[in-house]
Each structure stands twice: as C-alpha cells, then as structure tokens.
Amino acid sequence: MKWCKFISVALMSLLITLASAEAAAGECGRMPIGQAAASLSPCLAATKNPRGKVPPVCCTKVGALIRTNPRCLCAVMLSPLAKKAGINPGVAIAVPKRCNIRNSPAGKRCGRYIVP
C-alpha cells in the first residue's frame with residue numbers, strides 16, 4: 001500500500017515537472033495543464049483499464065473539472081503528459097460515464113473520441 005502511494009506521488013511530481021516544459025496554454029484557463037493533470041492523479045489506474053474500479057476521489061475530481069471547465073478535461077486526456085503517463089484516451093474518455101456524472105459532456109468530441 002505504501003508503495004502505491006509512493007508511485008502516485010512520484011507520478012504527480014513527474015506530471016507537474018513535465019507540464020512546465022510542455023504546458024498547452026489556455027485549455028484549462030489560468031490553471032496550468034500540468035496542475036490539472038496532477039489533480040486527476042487518483043484516476044490514473046482507471047484511465048488504463050476499462051474494467052478497473054474508478055475511485056470515488058477520482059469521480060469527485062472529474063466532476064469538479066467538468067463543472068468548472070469541461071474542455072480542460074479533454075485537453076488533459078489528449079496532452080503529451082497523459083501519453084507519457086500511459087493514459088489510454090479511449091478508456092479515459094469514459095471515466096465520467098463510469099462515475100455516473102450526470103452533467104458530463106456526453107456526445108461531445110474530444111479529439112477523435114466521442115464522450116459516451
């Protein structure tokens with residue numbers, strides 16, 4: 001369990017570090033895309049496995065981001081940061097549905113993906 005926490009902290013640090021070099025300006029408003037990506041770190045396992053359980057804290061974070069800036073969620077999922085973290089955009093795009101988020105942007109495009 002301690003090992004998983006260490007990995008999570010290490011991944012968040014990596015995402016923040018990479019963000020300073022590769023942040024795409026504007027998609028997440030004043031929040032750097034790396035900071036938005038780091039806030040979604042509880043979702044990391046759920047973005048790699050379509051059958052994996054989505055932690056409640058992940059659903060809370062995704063719901064908050066959808067309410068405040070739904071385009072930011074798409075930008076994070078399609079960012080080079082996400083690719084380097086091993087996130088599968090085809091799986092990540094379904095996290096809001098897997099969380100049963102009612103106001104998710106269902107039917108909207110996110111790159112070549114459509115939000116279910």
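Biologist: What kinds of residues make up the lining of the largest cavity, nonpolar, polar or charged?
Modeller: In this predicted model, the lining of the largest cavity divides into 16 nonpolar residues and 3 polar ones, with no charged residues.

Biologist: And how much space lies in that cavity?
Modeller: About 200 Å³ of space lies in the largest cavity, and a search of the whole structure for cavities of 30 Å³ or more finds 1.

Biologist: Which lining residues are the closest to its centre?
Modeller: The lining has 19 residues, and Leu40, Cys43, Thr47, Val76 and Ile87 are the closest to the centre of the cavity.

Biologist: OK, H4 then. Which of its residues are buried?
Modeller: The buried residues of H4 are Cys72, Leu73, Cys74, Ala75, Val76 and Met77, and they pack against H2, H3, H5, H6 (89–92) and H7, as well as against strand S1 (109–110).

Biologist: Switching to the core: how many residues are in the largest nonpolar one?
Modeller: The largest nonpolar core has 32 residues, and those with the most contacts inside it are Leu40, Val54, Val62, Leu73, Val76 and Val95. Two or more residues of this core come from each of the helices H2 (33–39), H3 (56–68), H4 (70–78) and H5 (80–84), and the largest share, 6 residues, comes from H4.

Biologist: Why would nonpolar side chains be buried together?
Modeller: As a general point, nonpolar side chains in soluble globular proteins tend to be buried together.

Biologist: Take Val62 from that list; what does it touch?
Modeller: Leaving out residues up to four places away in sequence, Val62 touches Leu40, Cys43, Leu73, Val95, Pro96 and Ile101.

Biologist: What share of the chain counts as buried, and how much area is exposed?
Modeller: Of the 116 residues, 40% count as buried, while the chain exposes about 7200 Å², with carbon and sulfur atoms supplying 61% of that area.

Biologist: Last one: what share of the contacts join residues at least 24 apart?
Modeller: Among contacts between residues at least 6 apart in sequence, 61% join residues at least 24 apart.

Definitions and conventions. Residues numbered from 1 in each chain as written. Predicted model: local features only at pLDDT ≥ 70, side-chain atom pairs only at ≥ 80, totals over all residues. Heavy atoms only, no water. Buried < 20%, exposed > 50% of the residue type's maximum accessible area, 1.4 Å probe, protein only. Contact = heavy atoms within 4.5 Å. Areas by Shrake-Rupley, 256 points an atom, 1.4 Å probe, with all protein chains shown as cover. Core = buried A, V, L, I, M, F, W, Y, C linked by side-chain atoms within 4.5 Å. Helix = DSSP H or I, 4+ residues; strand = E, 2+ residues; numbered from the N terminus. 1 Å grid on protein atoms, 1.4 Å probe; cavity = no way out; pocket = protein on both sides within 12 Å on 5 of 7 lines; lining within 4 Å. Points joined across faces, edges and corners; volume = space filled by probe spheres on them. Nonpolar A, V, L, I, M, F, W, Y, C, P; charged D, E, K, R; others polar.
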